[in-house]
Amino acid sequence: MKLLTARVQGFLDYLLAILLFFMPTLLQLEANTVQSIIFYLFGIFIIFLSLQTDYKAGIYKLLPMEVHIYTKLVCGLFFAFSPWIFNFANKIFLPYLFFGGITIFLAAATKTFTKRFLNFRSIKN
């Protein structure tokens, strides 16, 4: 059962992005390391994806909600495993697993049928 509406998903996306921007400072990571840059890039990507998505929190409404969800699933997996992909798991890995897991959960728990999709289904029937 899907727990979150697209509206709540949008709010949580922006909240997650803001948290990701502050995490390198809170974790006392050095500024120009792979560990901190991944947090910044992931936060920027979440904001970019949210702005492009066709839901209440989106501005440009270019991507259907389904594409947003599948993209977040893949990105959450990549973020969760980035300490091993970039070979710094011996220094820090739990925050990446945590935020990757949250991203995957948010994507999996969101209702994905947008108005555009429902209208298309009713036209076809």
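Contact here means heavy atoms within 4.5 Å, and by that criterion Ile 47 touches Tyr 14, Ala 17 and Phe 21, with residues up to four places away in sequence not counted. The structure is a predicted model, in which local features need pLDDT of at least 70 and side-chain atom pairs count only at pLDDT 80 or more, while totals for chains, interfaces and linings use all residues. Residues are numbered from 1 along each chain as its sequence is written, and side-chain values use heavy atoms, with hydrogens and water left out.

The protein has five helices and zero strands, where helices (H or I, at least four residues) and strands (E, at least two) are DSSP runs numbered from the N terminus. Read along the sequence, this gives the pattern α-α-α-α-α. Of the 125 residues in the protein, 39% are buried; buried means under 20% relative accessible area, exposed means over 50%, and partly exposed lies in between, with a 1.4 Å probe and protein chains only. Among contacts between residues at least 6 apart in sequence, 62% join residues at least 24 apart.

Ile 47 has its place in helix 2, and its relative accessibility of 25% makes it partly exposed. Ile 47 and Gly 58 are eleven residues apart in sequence, and their C-alpha atoms are 9.4 Å apart in space.

Helix 1 has 21 residues and reaches 29 Å from its first C-alpha to its last, close to the 30 Å expected at 1.5 Å a residue; the expected span is taken as 1.5 Å times one less than the number of residues. Helix 1 bends by about 25° at Leu 20, with a proline, Pro 24, following within four residues, and the bend is the angle between axes fitted to the seven residues ending at a position and the seven starting there. The buried residues of helix 1 are Gln 9, Gly 10, Asp 13, Leu 16, Ala 17, Leu 20, Met 23 and Pro 24, and what covers them includes helix 2, helix 3 and helix 4.

Leu 20 also belongs to the largest nonpolar core, which has 15 residues, and is listed with Phe 39, Phe 42, Phe 79, Tyr 96 and Phe 99 as touching the most other members. Helix 1 (6–26), helix 2 (34–52), helix 3 (65–85) and helix 4 (94–108) are the elements that give two or more residues to this core. A nonpolar core is a set of buried Ala, Val, Leu, Ile, Met, Phe, Trp, Tyr and Cys residues joined through side-chain atoms within 4.5 Å. Within this setting Phe 42 touches Leu 20, Cys 75, Gly 76, Phe 79 and Thr 103, again not counting residues up to four places away in sequence.

Aromatic rings can be followed in more detail, and a search of the whole structure finds ten aromatic pairs. Rings of Phe, Tyr and Trp (its six-membered ring) pair if their centres lie within 6.5 Å, and planes under 30 degrees apart count as stacked, over 60 as edge-to-face and the rest as tilted. Phe 39 and Tyr 96 form a tilted pair, at 4.6 Å centre to centre and with 35° between the planes. Because Phe 39 lies in helix 2 and Tyr 96 in helix 4, this pair ties together parts that are 57 residues apart in sequence. Phe 39 is buried, with a relative accessible area of 0%, and Tyr 96 is buried with a relative accessible area of 0%. Tyr 96 also forms a tilted pair with Phe 79, at 5.3 Å centre to centre and with 45° between the planes; Phe 79 lies in helix 3 and Tyr 96 in helix 4, so this pair ties together parts 17 residues apart in sequence. Ring pairs link Phe 39, Phe 42, Phe 79, Phe 88, Tyr 96, Phe 98 and Phe 99 into a cluster.

Side chains of opposite charge can pair when their charged atoms come close. A search of the whole structure finds one salt bridge, defined as a side-chain nitrogen of Lys or Arg within 4 Å of a carboxyl oxygen of Asp or Glu. Lys 72 forms this bridge with Asp 13, the closest N and O atoms being 2.3 Å apart. Lys 72 lies in helix 3 and Asp 13 in helix 1, so the pair ties together parts that are 59 residues apart in sequence, and both residues are buried.

The loops bring in backbone geometry. Most residues other than glycine have a negative phi. Gln 28, in the loop between helix 1 and helix 2, has a positive phi of about 55° although it is not a glycine, and it is exposed, with a relative accessible area of 73%. Lys 61, in the loop between helix 2 and helix 3, has a positive phi near 55° and counts as partly exposed at 34% relative accessibility.
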